[in-house]
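Thanks for making the time this morning. I would like to take you through one model, and I will ask you to keep the view open while I talk.

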Amino acid sequence: MMSSTNASYTEVINSNCTNKTAYDQWKDSMNTLYTYVYVFIFIPGLIGNSLALWVLCRFISKKTKAIIFMINLAIADLAHVLSLPLRIYYYINHTWPFGKGLCLLCFYLKYLNMYASIAFLVCISIQRCAFLMRPFCARRWLRRYDVRISVAVWLVVGLCCTPFILMRSSSSDKKKNETCFKDLPTRKLDLGKAVAIMSFAELLGFVVPLTIIILCSYFIIQSLKQSSRPGVSVNDVRKALRMVLVCTGVFLFCFAPYHINFLMYMMVSQGLITHCPLQDAVNKFHPISLCIASLNCCLNPLIYYFLTTEFQQQLSRQGSSILRGRLMSMESTSSYREALP
């Protein structure tokens, strides 16, 4: 069972290991870091993922490889991006007037986005690899299979992310109930439950997905070295390899720092690590790793654009149509004005 003792992780660590002045300075720098990073992510993340959804849903054939997974990946990113203005408000004003429910929802969306993104990057990699290795199976593959897989991913990831909010608790202090995100108190867990949660998150959230993506890359590289398969061109192999390698790069850049630090972070928050310098290092790197993880909202749209030829063509075509429409409108207005006496 969860212990009835609730404590803010950062307050516990800093009260034991550093003085209050240093802690206050560090806390202010964290607020500034979160504010700047989320402002930086919001505009390109909103535009990029909204545009991606518009093009993916309206103009691209649903038979295009991994299109359904790309749509779900864009939805996951957009859900997190839309919560960023509330996060920015909190880190600027240092108060949360929107209620506990909305606070926990925004907190939940952060981790839902992270692990849904990981899951759909894995799905994209597996499908590109499988369709390359078994091209005749790809021709018989139906769109509804991808839809069912996506629904299953959302259900599993949504359920697995609930411990992140269950481990956070509210305080009876009214002033502390105006806090949110990093300032939410953390529940103390029994050692067995803490180890189970850490192992589950690390294995299923990082180690297993990373292993799958690396194996997909390996199989595609081996396929490229071998003689061409029936129904598969060298160009198809190279496209698949680029897609999987980019998925691997986004995965490692955005999610590896967080998960490498996560294990020690959980041990510190549960009081299993008491060495002050290590606590301080883990504590300070945690917000940086979370900010890096949020960058996936800006990087994922680049996957759709640079690695999906049909996406590029449709985006260019629609952009040209809009531009022509604007120019024709301007010419019409100009002609009308010239005709006036």
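Which cysteine residues form a disulfide here, and how far apart are their sulfur atoms? Before I answer, please bear in mind that this is a predicted model. The pair is cysteine 103 and cysteine 180, with the sulfur atoms 1.9 Å apart, and a search of the whole structure finds one disulfide. The link between cysteine 103 and cysteine 180 is right-handed, with 110 degrees about the S-S bond. Since cysteine 103 sits in helix H4 while cysteine 180 belongs to the loop between helix H7 (162-166) and strand E2 (186-187), the pair ties together parts that are 77 residues apart in sequence.

Let me stay with H4 and turn to its packing. In general, two packed helices are described by the angle between their axes and the distance between the axes. For helix H4, residues 100-133, and helix H6, residues 143-160, the axes come within 10 Å and cross at roughly 145 degrees, and the crossing is right-handed. On the H4 side the contact includes Tyr108, Leu112, Tyr115 and Phe120, and these and other H4 residues meet a set in H6 that includes Ile149, Val153, Trp154 and Val157. Sorted by class, the contact of H4 with H6 has 12 nonpolar, three polar and one charged residues.

Finally, there is helix H8, residues 191-225, whose 35 residues should span 51 Å at 1.5 Å a residue, and its end C-alpha atoms are 49 Å apart, which agrees.

Methods:
Residues are numbered from 1 along each chain as its sequence is written. This is a predicted model: local features need pLDDT of at least 70, side-chain atom pairs count only at pLDDT 80 or more; totals for chains, interfaces and linings use all residues. Side-chain values use heavy atoms; hydrogens and water are left out. Axes are lines fitted to C-alpha atoms, for helices over the stretch in contact, and angles run from 0 to 180 degrees between N-to-C directions. Helices (H or I, at least four residues) and strands (E, at least two) are DSSP runs, numbered from the N terminus. A crossing is left-handed if the near helix is turned anticlockwise from the far one by less than a right angle, and right-handed if clockwise. Contact means heavy atoms within 4.5 Å. Ala, Val, Leu, Ile, Met, Phe, Trp, Tyr, Cys and Pro count as nonpolar, Asp, Glu, Lys and Arg as charged, and the others, Gly among them, as polar. The expected span of a helix is 1.5 Å times one less than its number of residues. A disulfide is a pair of cysteine sulfur atoms within 2.5 Å.
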